[in-house]
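Please keep the structure in view while reading.

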Amino acid sequence: AWLAELVPRFEELSGTNGGKWQLQEEFTWPMFRAVVRAMRKGKAVGASGLSSELLKCAPEAILRTLYDAIMQDLKSGHMSADWRKVMIVLREKPGNDPNLLNQRRDIALLCQDMKLVMQMARWSGYCRFGRRVLHDQVGWVAGLGATDPGLSATVAIQQARALRHDLYILYIDLSTFFPSIDRGILRAAELWHGVPEEVIDLAALIYGAADDPEHLVQVQFDTAAGLSGAVPNPRGALQGCVLSPDKAKVLLNSIVAAINLSVRGVRLHGWGAGQREECWRHITSLCYAADWCGTFPNAAQVEAAWAIWRAWEPITGSKLGVKKLAKTVLTGVKWSAEGVASAPEDLKLTTVDGTAVPMLMPWEAYKHLGVWRRADGGEDIAWKELLKKYNVALARLRKFDCRRHTSDEFMLVSDALLGGLSEYYLRTLFISRRQAEVVEARWRNIYNYKFR
(Lines give C-alpha, C1' and ligand atoms only; values in the text may rest on other atoms or scores of the structure.)
Protein backbone atom coordinates (compact mmCIF):
# COMPACT_ATOMS: atom_id res chain seq x y z
CA ALA A 1 0.00 0.00 0.00
CA TRP A 2 2.88 2.38 0.80
CA LEU A 3 4.52 1.77 -2.56
CA ALA A 4 1.25 2.08 -4.48
CA GLU A 5 0.42 5.45 -2.93
CA LEU A 6 3.81 7.13 -2.68
CA VAL A 7 6.37 5.57 -5.03
CA PRO A 8 6.29 5.48 -8.86
CA ARG A 9 6.18 1.96 -10.30
CA PHE A 10 8.58 0.75 -12.97
CA GLU A 11 8.33 -1.99 -15.54
CA GLU A 12 10.57 -5.02 -15.08
CA LEU A 13 14.06 -4.38 -16.37
CA SER A 14 14.50 -5.89 -19.83
CA GLY A 15 17.39 -8.07 -20.92
CA THR A 16 20.38 -6.68 -22.79
CA ASN A 17 18.82 -7.98 -26.03
CA GLY A 18 15.66 -5.98 -25.40
CA GLY A 19 13.52 -8.98 -24.46
CA LYS A 20 12.68 -10.50 -21.10
CA TRP A 21 15.55 -10.69 -18.63
CA GLN A 22 16.67 -14.33 -18.37
CA LEU A 23 19.54 -15.46 -16.19
CA GLN A 24 20.86 -18.12 -18.58
CA GLU A 25 21.15 -15.51 -21.36
CA GLU A 26 22.54 -12.65 -19.26
CA PHE A 27 25.24 -14.60 -17.37
CA THR A 28 27.47 -15.14 -20.39
CA TRP A 29 30.97 -16.57 -20.54
CA PRO A 30 32.51 -13.21 -21.63
CA MET A 31 30.85 -11.49 -18.66
CA PHE A 32 32.15 -14.20 -16.31
CA ARG A 33 35.72 -13.62 -17.52
CA ALA A 34 35.30 -9.85 -17.20
CA VAL A 35 34.05 -10.20 -13.61
CA VAL A 36 37.01 -12.44 -12.73
CA ARG A 37 39.44 -9.85 -14.13
CA ALA A 38 37.73 -7.10 -12.11
CA MET A 39 37.94 -8.97 -8.80
CA ARG A 40 39.92 -7.20 -6.10
CA LYS A 41 42.93 -8.85 -4.54
CA GLY A 42 43.41 -9.27 -0.82
CA LYS A 43 39.80 -10.15 -0.02
CA ALA A 44 39.11 -12.72 2.70
CA VAL A 45 38.06 -16.17 1.54
CA GLY A 46 34.76 -17.66 2.61
CA ALA A 47 33.85 -21.18 3.66
CA SER A 48 35.06 -22.65 0.34
CA GLY A 49 38.63 -21.39 0.88
CA LEU A 50 38.78 -20.13 -2.71
CA SER A 51 40.64 -16.81 -3.02
CA SER A 52 40.27 -14.11 -5.66
CA GLU A 53 44.01 -14.39 -6.43
CA LEU A 54 43.57 -18.07 -7.23
CA LEU A 55 40.70 -17.31 -9.59
CA LYS A 56 42.55 -14.49 -11.34
CA CYS A 57 45.59 -16.66 -12.14
CA ALA A 58 43.62 -19.80 -13.04
CA PRO A 59 43.94 -21.10 -16.65
CA GLU A 60 41.02 -20.39 -18.92
CA ALA A 61 40.13 -24.07 -19.13
CA ILE A 62 39.72 -24.23 -15.35
CA LEU A 63 37.60 -21.08 -15.33
CA ARG A 64 35.43 -22.48 -18.09
CA THR A 65 34.84 -25.65 -16.08
CA LEU A 66 33.92 -23.54 -13.03
CA TYR A 67 31.59 -21.39 -15.13
CA ASP A 68 29.80 -24.40 -16.61
CA ALA A 69 29.38 -25.96 -13.16
CA ILE A 70 27.97 -22.74 -11.68
CA MET A 71 25.53 -22.26 -14.56
CA GLN A 72 24.35 -25.86 -14.24
CA ASP A 73 23.74 -25.33 -10.51
CA LEU A 74 21.78 -22.15 -11.21
CA LYS A 75 19.71 -23.92 -13.85
CA SER A 76 18.84 -26.78 -11.51
CA GLY A 77 18.20 -24.48 -8.53
CA HIS A 78 20.80 -26.14 -6.30
CA MET A 79 23.63 -24.33 -4.53
CA SER A 80 26.97 -25.36 -3.13
CA ALA A 81 26.68 -26.02 0.61
CA ASP A 82 29.62 -23.64 1.19
CA TRP A 83 27.63 -20.76 -0.32
CA ARG A 84 25.08 -21.09 2.46
CA LYS A 85 27.72 -20.75 5.19
CA VAL A 86 28.71 -17.20 6.12
CA MET A 87 31.30 -16.11 8.65
CA ILE A 88 30.61 -12.78 10.38
CA VAL A 89 33.46 -10.57 11.57
CA LEU A 90 32.42 -8.04 14.22
CA ARG A 91 34.42 -4.89 13.47
CA GLU A 92 34.75 -2.13 16.06
CA LYS A 93 33.02 1.16 15.25
CA PRO A 94 34.72 4.39 16.37
CA GLY A 95 33.01 5.93 19.39
CA ASN A 96 31.11 2.76 20.33
CA ASP A 97 31.70 0.34 23.20
CA PRO A 98 33.69 -2.59 21.71
CA ASN A 99 32.45 -4.88 24.50
CA LEU A 100 28.85 -4.62 23.27
CA LEU A 101 28.21 -6.76 20.20
CA ASN A 102 25.25 -4.65 19.07
CA GLN A 103 27.60 -1.65 18.79
CA ARG A 104 29.95 -3.37 16.37
CA ARG A 105 29.70 -3.50 12.57
CA ASP A 106 29.08 -7.02 11.25
CA ILE A 107 30.93 -7.81 8.02
CA ALA A 108 30.08 -11.02 6.16
CA LEU A 109 32.89 -13.13 4.66
CA LEU A 110 31.39 -14.76 1.59
CA CYS A 111 32.71 -17.35 -0.84
CA GLN A 112 34.55 -15.68 -3.71
CA ASP A 113 32.92 -17.89 -6.36
CA MET A 114 29.52 -16.87 -5.00
CA LYS A 115 30.58 -13.23 -5.26
CA LEU A 116 31.26 -13.86 -8.94
CA VAL A 117 27.62 -14.81 -9.46
CA MET A 118 26.35 -11.84 -7.45
CA GLN A 119 28.59 -9.48 -9.40
CA MET A 120 27.19 -10.79 -12.68
CA ALA A 121 23.69 -10.17 -11.33
CA ARG A 122 24.72 -6.64 -10.45
CA TRP A 123 26.33 -5.88 -13.81
CA SER A 124 23.40 -7.21 -15.83
CA GLY A 125 20.69 -5.88 -13.50
CA TYR A 126 21.22 -3.24 -10.84
CA CYS A 127 23.91 -1.32 -12.75
CA ARG A 128 21.38 -0.63 -15.50
CA PHE A 129 18.82 0.93 -13.17
CA GLY A 130 19.59 4.52 -14.10
CA ARG A 131 17.13 6.99 -12.59
CA ARG A 132 14.88 4.41 -11.00
CA VAL A 133 16.79 5.35 -7.86
CA LEU A 134 16.15 9.04 -7.10
CA HIS A 135 19.03 11.47 -7.56
CA ASP A 136 18.67 12.49 -3.89
CA GLN A 137 20.52 9.27 -3.03
CA VAL A 138 24.21 9.74 -3.71
CA GLY A 139 25.58 6.83 -1.68
CA TRP A 140 27.29 4.09 -3.71
CA VAL A 141 27.00 6.15 -6.91
CA ALA A 142 29.99 6.44 -9.24
CA GLY A 143 31.41 9.96 -9.34
CA LEU A 144 29.64 11.10 -6.16
CA GLY A 145 30.72 11.01 -2.55
CA ALA A 146 29.98 12.24 0.96
CA THR A 147 31.03 15.79 0.07
CA ASP A 148 28.15 16.19 -2.41
CA PRO A 149 25.26 16.09 0.11
CA GLY A 150 27.58 17.88 2.53
CA LEU A 151 27.97 20.75 0.09
CA SER A 152 24.20 20.98 -0.40
CA ALA A 153 23.68 21.14 3.38
CA THR A 154 26.32 23.88 3.62
CA VAL A 155 24.59 25.86 0.85
CA ALA A 156 21.24 25.69 2.72
CA ILE A 157 22.88 26.83 5.98
CA GLN A 158 24.83 29.67 4.40
CA GLN A 159 21.82 30.86 2.40
CA ALA A 160 19.70 31.01 5.60
CA ARG A 161 22.40 33.08 7.26
CA ALA A 162 22.80 35.45 4.28
CA LEU A 163 19.07 35.97 3.70
CA ARG A 164 18.12 35.66 7.40
CA HIS A 165 15.33 33.17 6.95
CA ASP A 166 14.38 30.42 9.40
CA LEU A 167 15.88 26.98 8.94
CA TYR A 168 15.22 23.55 10.44
CA ILE A 169 17.57 20.61 9.88
CA LEU A 170 16.56 17.04 10.69
CA TYR A 171 19.39 14.49 10.79
CA ILE A 172 18.31 10.83 10.58
CA ASP A 173 20.60 7.90 11.32
CA LEU A 174 19.24 4.39 10.77
CA SER A 175 20.56 2.09 13.47
CA THR A 176 22.05 -1.22 12.24
CA PHE A 177 20.25 -0.67 8.95
CA PHE A 178 21.69 -3.50 6.83
CA PRO A 179 21.23 -6.33 9.39
CA SER A 180 17.67 -5.25 10.22
CA ILE A 181 16.25 -5.15 6.67
CA ASP A 182 13.11 -7.30 6.36
CA ARG A 183 13.64 -9.51 3.30
CA GLY A 184 9.92 -9.75 2.56
CA ILE A 185 9.58 -5.95 2.51
CA LEU A 186 12.76 -5.71 0.45
CA ARG A 187 11.39 -8.17 -2.12
CA ALA A 188 8.23 -6.08 -2.50
CA ALA A 189 10.29 -2.91 -3.03
CA GLU A 190 12.53 -4.62 -5.59
CA LEU A 191 9.60 -5.97 -7.58
CA TRP A 192 8.00 -2.50 -7.52
CA HIS A 193 11.17 -0.95 -8.93
CA GLY A 194 11.38 -3.53 -11.71
CA VAL A 195 14.20 -5.75 -10.49
CA PRO A 196 13.98 -8.95 -12.57
CA GLU A 197 12.35 -11.68 -10.53
CA GLU A 198 15.11 -14.15 -11.40
CA VAL A 199 17.65 -11.81 -9.76
CA ILE A 200 15.55 -11.62 -6.60
CA ASP A 201 15.05 -15.39 -6.59
CA LEU A 202 18.80 -15.92 -6.99
CA ALA A 203 19.53 -13.99 -3.78
CA ALA A 204 16.68 -15.79 -2.01
CA LEU A 205 18.06 -19.15 -3.15
CA ILE A 206 21.35 -18.39 -1.39
CA TYR A 207 20.30 -16.40 1.68
CA GLY A 208 16.80 -17.78 2.14
CA ALA A 209 13.42 -16.15 1.65
CA ALA A 210 11.35 -14.45 4.32
CA ASP A 211 8.64 -17.12 4.00
CA ASP A 212 11.01 -20.11 3.94
CA PRO A 213 12.67 -20.40 7.39
CA GLU A 214 13.92 -23.94 6.76
CA HIS A 215 16.38 -22.84 4.06
CA LEU A 216 17.95 -19.78 5.68
CA VAL A 217 21.64 -19.08 5.34
CA GLN A 218 23.70 -20.19 8.35
CA VAL A 219 26.05 -17.65 9.92
CA GLN A 220 28.94 -18.13 12.33
CA PHE A 221 30.48 -15.31 14.34
CA ASP A 222 34.25 -14.97 14.46
CA THR A 223 35.26 -14.25 18.07
CA ALA A 224 38.41 -14.30 20.18
CA ALA A 225 37.31 -17.75 21.39
CA GLY A 226 36.92 -19.07 17.85
CA LEU A 227 33.92 -19.54 15.57
CA SER A 228 30.50 -19.72 17.16
CA GLY A 229 27.92 -22.34 16.31
CA ALA A 230 25.83 -21.93 13.16
CA VAL A 231 22.83 -19.61 13.54
CA PRO A 232 20.05 -19.19 10.94
CA ASN A 233 19.86 -15.64 9.59
CA PRO A 234 16.29 -14.56 8.66
CA ARG A 235 16.85 -10.84 8.15
CA GLY A 236 19.13 -8.30 6.58
CA ALA A 237 21.19 -7.61 3.50
CA LEU A 238 24.59 -8.90 4.54
CA GLN A 239 27.37 -6.29 4.54
CA GLY A 240 30.02 -7.87 2.36
CA CYS A 241 27.60 -9.00 -0.34
CA VAL A 242 28.11 -7.01 -3.55
CA LEU A 243 24.32 -6.61 -3.94
CA SER A 244 23.63 -5.20 -0.46
CA PRO A 245 24.25 -1.51 -1.36
CA ASP A 246 21.95 -1.76 -4.39
CA LYS A 247 19.26 -3.51 -2.39
CA ALA A 248 19.53 -0.87 0.34
CA LYS A 249 19.11 1.94 -2.21
CA VAL A 250 15.92 0.36 -3.55
CA LEU A 251 14.44 0.13 -0.06
CA LEU A 252 15.53 3.67 0.88
CA ASN A 253 13.93 4.92 -2.33
CA SER A 254 10.55 4.25 -0.73
CA ILE A 255 11.13 6.81 2.05
CA VAL A 256 12.92 9.40 -0.10
CA ALA A 257 10.16 9.33 -2.74
CA ALA A 258 7.44 9.65 -0.08
CA ILE A 259 9.10 12.68 1.53
CA ASN A 260 9.76 14.40 -1.79
CA LEU A 261 6.11 13.91 -2.75
CA SER A 262 4.71 15.26 0.51
CA VAL A 263 7.19 17.83 1.85
CA ARG A 264 8.77 21.03 0.54
CA GLY A 265 12.30 21.73 1.66
CA VAL A 266 14.34 24.93 1.74
CA ARG A 267 13.90 27.01 -1.39
CA LEU A 268 17.16 27.50 -3.24
CA HIS A 269 17.14 31.21 -4.07
CA GLY A 270 18.70 32.52 -7.25
CA TRP A 271 18.01 29.45 -9.41
CA GLY A 272 15.95 29.93 -12.56
CA ALA A 273 15.16 32.97 -14.65
CA GLY A 274 11.55 33.47 -13.61
CA GLN A 275 9.76 34.08 -10.33
CA ARG A 276 7.13 31.40 -10.84
CA GLU A 277 6.89 28.61 -8.30
CA GLU A 278 8.00 25.96 -10.80
CA CYS A 279 11.22 27.90 -11.45
CA TRP A 280 12.47 27.35 -7.91
CA ARG A 281 14.37 24.37 -6.67
CA HIS A 282 14.15 23.03 -3.13
CA ILE A 283 16.71 21.18 -1.02
CA THR A 284 14.65 18.57 0.81
CA SER A 285 16.39 15.18 1.07
CA LEU A 286 20.15 14.72 1.27
CA CYS A 287 20.68 10.96 1.47
CA TYR A 288 24.07 9.27 1.65
CA ALA A 289 23.73 5.54 2.33
CA ALA A 290 21.79 5.21 5.61
CA ASP A 291 22.45 8.84 6.67
CA TRP A 292 19.62 11.21 5.75
CA CYS A 293 19.46 14.97 6.21
CA GLY A 294 16.40 17.13 5.55
CA THR A 295 16.29 20.94 5.40
CA PHE A 296 12.99 22.77 5.98
CA PRO A 297 11.77 26.37 6.09
CA ASN A 298 9.27 25.92 8.93
CA ALA A 299 8.06 23.61 11.69
CA ALA A 300 5.07 22.31 9.71
CA GLN A 301 7.33 20.78 7.04
CA VAL A 302 9.53 19.17 9.70
CA GLU A 303 6.52 17.57 11.37
CA ALA A 304 5.23 16.32 8.01
CA ALA A 305 8.58 14.68 7.20
CA TRP A 306 8.85 13.21 10.70
CA ALA A 307 5.35 11.70 10.44
CA ILE A 308 6.47 9.88 7.28
CA TRP A 309 9.59 8.55 8.99
CA ARG A 310 7.51 7.37 11.99
CA ALA A 311 5.19 5.46 9.66
CA TRP A 312 7.99 4.00 7.52
CA GLU A 313 10.03 2.71 10.48
CA PRO A 314 7.65 -0.04 11.74
CA ILE A 315 6.47 -0.94 8.23
CA THR A 316 9.99 -1.80 7.06
CA GLY A 317 11.29 -3.07 10.40
CA SER A 318 14.02 -0.43 10.46
CA LYS A 319 15.13 1.41 13.58
CA LEU A 320 15.81 5.13 13.95
CA GLY A 321 18.96 5.50 16.01
CA VAL A 322 18.78 7.93 18.94
CA LYS A 323 22.01 8.29 20.90
CA LYS A 324 22.33 11.62 22.69
CA LEU A 325 23.47 14.19 20.07
CA ALA A 326 25.23 11.76 17.72
CA LYS A 327 22.45 10.02 15.74
CA THR A 328 18.92 11.28 14.99
CA VAL A 329 18.85 14.96 15.95
CA LEU A 330 16.75 18.06 15.22
CA THR A 331 18.42 21.46 14.99
CA GLY A 332 17.69 24.81 13.41
CA VAL A 333 18.01 28.56 13.66
CA LYS A 334 15.83 31.68 13.65
CA TRP A 335 17.33 34.91 12.33
CA SER A 336 16.27 38.40 13.37
CA ALA A 337 16.30 41.37 11.00
CA GLU A 338 19.55 42.46 12.69
CA GLY A 339 21.20 39.11 11.94
CA VAL A 340 21.03 37.71 15.49
CA ALA A 341 20.65 33.92 15.68
CA SER A 342 18.32 32.27 18.19
CA ALA A 343 17.02 28.76 18.79
CA PRO A 344 13.74 27.77 17.10
CA GLU A 345 10.89 26.03 18.85
CA ASP A 346 11.60 22.51 20.09
CA LEU A 347 9.01 20.39 18.26
CA LYS A 348 9.18 17.59 20.86
CA LEU A 349 9.59 14.86 18.23
CA THR A 350 9.34 11.29 19.50
CA THR A 351 9.94 7.90 17.90
CA VAL A 352 7.31 5.16 17.74
CA ASP A 353 8.51 3.72 21.06
CA GLY A 354 8.31 7.14 22.75
CA THR A 355 12.00 8.04 22.69
CA ALA A 356 12.49 11.82 22.51
CA VAL A 357 14.57 13.19 19.63
CA PRO A 358 17.27 15.53 20.99
CA MET A 359 17.17 19.23 20.04
CA LEU A 360 20.51 20.80 19.15
CA MET A 361 21.04 24.52 19.63
CA PRO A 362 22.05 26.52 16.51
CA TRP A 363 25.49 27.26 17.94
CA GLU A 364 26.14 23.58 18.70
CA ALA A 365 27.69 21.38 16.02
CA TYR A 366 26.56 18.04 14.58
CA LYS A 367 28.98 15.68 12.85
CA HIS A 368 27.39 15.17 9.45
CA LEU A 369 29.30 12.91 7.05
CA GLY A 370 32.55 13.56 8.89
CA VAL A 371 32.24 17.37 9.05
CA TRP A 372 30.99 19.36 12.04
CA ARG A 373 28.12 21.67 10.98
CA ARG A 374 26.30 24.38 12.91
CA ALA A 375 22.82 25.53 11.96
CA ASP A 376 23.86 29.18 12.35
CA GLY A 377 26.69 28.73 9.84
CA GLY A 378 29.51 29.11 12.35
CA GLU A 379 32.58 27.08 11.42
CA ASP A 380 34.84 27.53 14.44
CA ILE A 381 34.17 24.02 15.81
CA ALA A 382 34.74 22.46 12.39
CA TRP A 383 38.04 24.36 12.09
CA LYS A 384 39.24 23.23 15.52
CA GLU A 385 38.50 19.60 14.67
CA LEU A 386 40.21 19.92 11.30
CA LEU A 387 43.25 21.56 12.92
CA LYS A 388 43.56 18.50 15.19
CA LYS A 389 43.75 16.30 12.09
CA TYR A 390 46.36 18.60 10.53
CA ASN A 391 48.41 18.37 13.75
CA VAL A 392 48.31 14.56 13.58
CA ALA A 393 49.61 14.72 10.00
CA LEU A 394 52.33 17.19 11.01
CA ALA A 395 53.36 14.91 13.88
CA ARG A 396 53.94 12.13 11.35
CA LEU A 397 56.04 14.46 9.22
CA ARG A 398 58.21 15.25 12.25
CA LYS A 399 59.15 11.55 12.33
CA PHE A 400 60.26 11.66 8.70
CA ASP A 401 63.84 10.32 8.41
CA CYS A 402 65.65 12.98 6.37
CA ARG A 403 68.89 10.91 6.38
CA ARG A 404 67.32 8.13 4.35
CA HIS A 405 64.97 10.16 2.17
CA THR A 406 65.22 13.28 0.02
CA SER A 407 63.37 16.57 0.28
CA ASP A 408 61.37 15.63 -2.82
CA GLU A 409 60.10 12.55 -1.03
CA PHE A 410 59.26 14.71 1.98
CA MET A 411 57.21 16.97 -0.30
CA LEU A 412 55.42 13.94 -1.74
CA VAL A 413 54.48 12.66 1.73
CA SER A 414 53.42 16.16 2.78
CA ASP A 415 51.15 16.47 -0.20
CA ALA A 416 49.58 13.09 0.52
CA LEU A 417 48.91 13.85 4.21
CA LEU A 418 48.02 17.55 4.19
CA GLY A 419 46.66 17.64 0.66
CA GLY A 420 44.44 14.64 1.30
CA LEU A 421 42.87 16.30 4.34
CA SER A 422 42.39 19.58 2.50
CA GLU A 423 40.94 17.90 -0.58
CA TYR A 424 38.16 16.28 1.45
CA TYR A 425 37.30 18.71 4.27
CA LEU A 426 37.76 22.02 2.43
CA ARG A 427 35.18 21.07 -0.18
CA THR A 428 32.48 22.04 2.30
CA LEU A 429 34.40 24.06 4.89
CA PHE A 430 35.76 27.58 4.34
CA ILE A 431 38.94 28.63 6.13
CA SER A 432 40.56 32.03 5.95
CA ARG A 433 44.06 32.72 4.68
CA ARG A 434 45.15 33.37 8.26
CA GLN A 435 43.90 29.93 9.34
CA ALA A 436 45.67 28.29 6.41
CA GLU A 437 48.85 30.12 7.36
CA VAL A 438 48.79 28.46 10.80
CA VAL A 439 49.24 25.04 9.19
CA GLU A 440 51.67 26.40 6.60
CA ALA A 441 53.92 27.94 9.26
CA ARG A 442 54.09 24.70 11.26
CA TRP A 443 54.92 22.75 8.13
CA ARG A 444 57.70 25.21 7.17
CA ASN A 445 59.26 24.88 10.62
CA ILE A 446 59.43 21.10 10.19
CA TYR A 447 60.89 21.38 6.69
CA ASN A 448 63.55 23.97 7.69
CA TYR A 449 64.58 21.90 10.71
CA LYS A 450 65.13 18.78 8.61
CA PHE A 451 66.63 20.15 5.39
CA ARG A 452 68.33 23.47 6.22
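How many bridges join β3 to strand β11? The model is a predicted one, and in it 5 bridges join these two strands, which run antiparallel.

## A strand with two partners

The pairing with β11, which spans residues 329-335, can be followed at isoleucine 169, whose bridge partner in β11 is threonine 331. Strand β3 also pairs with strand β10 (residues 291-296), again in the antiparallel sense, over 6 bridges. Within that pairing, leucine 170 stands opposite glycine 294 of β10.

## Aromatic rings

A pair of aromatic rings is described by the distance of the centres and the angle of the planes. Counted by the rule used here, the model holds 17 aromatic pairs. One of them joins phenylalanine 32 and tyrosine 67, with 5.3 Å from centre to centre and 55 degrees between the planes, and this pair is tilted. Because phenylalanine 32 lies in helix α3 (residues 29-38) and tyrosine 67 in helix α5 (residues 60-76), the pair ties together parts that are 35 residues apart in sequence. Are these two residues buried or exposed? Phenylalanine 32, at 1% relative accessibility, counts as buried, and tyrosine 67, at 8% relative accessibility, counts as buried too.

Another pair is formed by tyrosine 126 and phenylalanine 129, whose ring centres are 5.8 Å apart and whose planes meet at 40 degrees, so this pair is tilted. Both tyrosine 126 and phenylalanine 129 are buried. Elsewhere in the chain, Phe400, Phe410, Trp443, Tyr447 and Phe451 form one aromatic cluster.

## Loop residues

Glycine 130 is found in the loop between α6 (112-124) and α7 (147-163). With a relative accessible area of 56%, glycine 130 is exposed. From glycine 130 to methionine 359 there are 229 residues in sequence and 37 Å in space, taken from C-alpha to C-alpha.

Most residues other than glycine have a negative phi, and most peptide bonds are trans. Lysine 324 has a positive phi of about 55 degrees although it is not a glycine. This lysine 324 is found in the loop between α12 (299-316) and β11, and it is exposed, with a relative accessible area of 72%. For lysine 348, phi is likewise positive, near 55 degrees, in a residue other than glycine. Lysine 348 lies in the loop between β12 (341-342) and β13 (359-360), where it is exposed, with a relative accessible area of 64%.

## An enclosed cavity

Rolling a probe the size of a water molecule over the atoms shows where empty space is left. A search of the whole structure finds 1 cavity of 30 Å³ or more, and the largest cavity has a volume of about 110 Å³. Its lining consists of 13 residues, and those closest to the centre are Thr154, Trp372, Arg373, Glu379 and Thr428.

Which elements each supply at least two residues of the lining of the largest cavity? They are α7 and β15 (371-374), and β15 gives the largest share, with 4 residues. By class, the lining of the largest cavity has 5 nonpolar, 5 polar and 3 charged residues.

## The second largest pocket

The second largest pocket holds about 780 Å³ of space. Of the 24 residues that line this pocket, Arg40, Lys43, Lys115, Gln119 and Val242 are the closest to its centre. Two or more lining residues come from each of the elements α3, β2 (104-109), α6 and α11 (244-262). The largest share, 6 residues, comes from α6. Sorted by class, the lining of the second largest pocket has 13 nonpolar, 6 polar and 5 charged residues.

Technical notes. Residues are numbered from 1 along each chain as its sequence is written. This is a predicted model: local features need pLDDT of at least 70, side-chain atom pairs count only at pLDDT 80 or more; totals for chains, interfaces and linings use all residues. Side-chain values use heavy atoms; hydrogens and water are left out. Rings of Phe, Tyr and Trp (its six-membered ring) pair if their centres lie within 6.5 Å; planes under 30 degrees apart count as stacked, over 60 as edge-to-face and the rest as tilted. Buried means under 20% relative accessible area, exposed over 50%, partly exposed in between (1.4 Å probe, protein chains only). On a 1 Å grid over the protein atoms alone, a cavity is a set of points where a 1.4 Å probe fits but cannot get out, and a pocket is an open set with protein on both sides within 12 Å along at least five of seven lines; lining residues have an atom within 4 Å of a point. Grid points are joined across faces, edges and corners, and a volume is the space filled by probe spheres set on the points. Ala, Val, Leu, Ile, Met, Phe, Trp, Tyr, Cys and Pro count as nonpolar, Asp, Glu, Lys and Arg as charged, and the others, Gly among them, as polar. Two strands pair if DSSP finds at least two bridges between them.
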